[in-house]
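Please work through the following exercises with the sequence and the model open beside you, trying each task before reading its solution.

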Amino acid sequence: MDHRDRDRDRDRDRDRDRDRVAAVIAEEMRGAGPPEVPQRLCDAVLKLLPVSGASMSLRGDGIPVPLSASDERAAYVMEMQVSLGDGPCFEAVETGSVVSARDLMSSRDASRWPVFAQQTAAVGVRSVYALPLGDRAVCVGTLDLYRDVPGELAAEEVGRARVVAEIVTDALVSLPRAEPDDPDAVGRWLSPLATDHDDVYRAVGMVMAQLGVAADEALSLLRGHAFARSRTVLELSHEVVALRTRFDNDPPL
């Protein structure tokens, strides 16, 4: 068998695997309205890949917007990355490549994201794969995969994960956009995880107004104060928006 035959066989295998992945996702989507799509996609991931959890986030202005998670632990790990401004999903968005952490308790991975690795391992997640939804040129977010055991995914499993990310991306970009005559179109399919994060953007704006700083500095201040108080950025943002916490006059140190 020459290299051309091997290439054809590989292409056929990839096409068959893509068809299987597409069939599972299509079945999971059956009867789903737009608000259910993000969660259904996340549920399909668990049927297709040997992982214990999954989450998806959209690329935001300086901060990822959580979209869906398979369970509370996956949601917590996703929120941890948002709060810290650090973790595999940030690297995947910037590089447009798969980012893997095969053992968050190893010196190799712990040194890359020290606080994230410590906090994530503490809740029983030992390895993470972050896949870009798109590529470096156009990346709409990430699909993060979590496992409760250390170790690499096998080569064929990584290949399938890439196919899953491609189909998930296609599904997300096909959802309705906001139109001039229907500005709430996007809000109808964003999950509670995503719409809840509106308060983060509101809090950033309020800190900007209170302290007269730029958006990136306001976000850094929110992250720093949240970390110092062992809170998530989302929790602190709720307090800021509710006027229970202010950053002027008496900063929340």
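In these exercises, contact means that heavy atoms lie within 4.5 Å of each other. The model is a predicted one.

**Exercise 1.** Determine which residues of α9 meet which residues of α10, and how the axes of the two helices are arranged.

*Solution.* Begin with the contact, in which Val-200, Ala-203, Val-204, Val-207, Met-208 and Leu-211 of α9 meet Ala-215, Ala-218, Leu-219, Leu-221 and Leu-222 of α10. Sorted by class, this contact has eleven nonpolar residues, with no polar and no charged ones. Next take the axes of α9 (residues 198-211) and α10 (residues 215-228), which come within 9 Å and cross at roughly 110°. Angles of 65 to 115 degrees count as roughly perpendicular, and α9 is therefore roughly perpendicular to α10.

**Exercise 2.** Find which parts of the chain are tied together by the salt bridge of Arg-18 and Asp-170.

*Solution.* The side chains of Arg-18 and Asp-170 meet in a salt bridge at 3.6 Å, N to O. Because Arg-18 lies in helix α1 (residues 3-29) and Asp-170 in helix α7 (residues 155-173), the pair ties together parts that are 152 residues apart in sequence. Arg-18 is partly exposed, at a relative accessible area of 30%, and Asp-170 is partly exposed at 41%.

**Exercise 3.** Decide whether Asp-109 is buried or exposed, and describe its salt bridge with Arg-112.

*Solution.* Asp-109 has 0% relative accessibility and counts as buried, whereas Arg-112, at 28%, counts as partly exposed. In their salt bridge the closest N and O atoms are 3.0 Å apart. The two residues, Asp-109 and Arg-112, are three residues apart in helix α5, so about one helical turn separates them. Finally, salt bridges with shared partners join Glu-91, Arg-108, Asp-109 and Arg-112 into one network.

Key. Residues numbered from 1 in each chain as written. Predicted model: local features only at pLDDT ≥ 70, side-chain atom pairs only at ≥ 80, totals over all residues. Heavy atoms only, no water. Axes fitted to C-alpha atoms, helices over the stretch in contact; angles between N-to-C directions. Helix = DSSP H or I, 4+ residues; strand = E, 2+ residues; numbered from the N terminus. Parallel < 35°, antiparallel > 145°, perpendicular 65-115°, else oblique. Nonpolar A, V, L, I, M, F, W, Y, C, P; charged D, E, K, R; others polar. Salt bridge = Lys/Arg side-chain N within 4 Å of Asp/Glu carboxyl O. Buried < 20%, exposed > 50% of the residue type's maximum accessible area, 1.4 Å probe, protein only.
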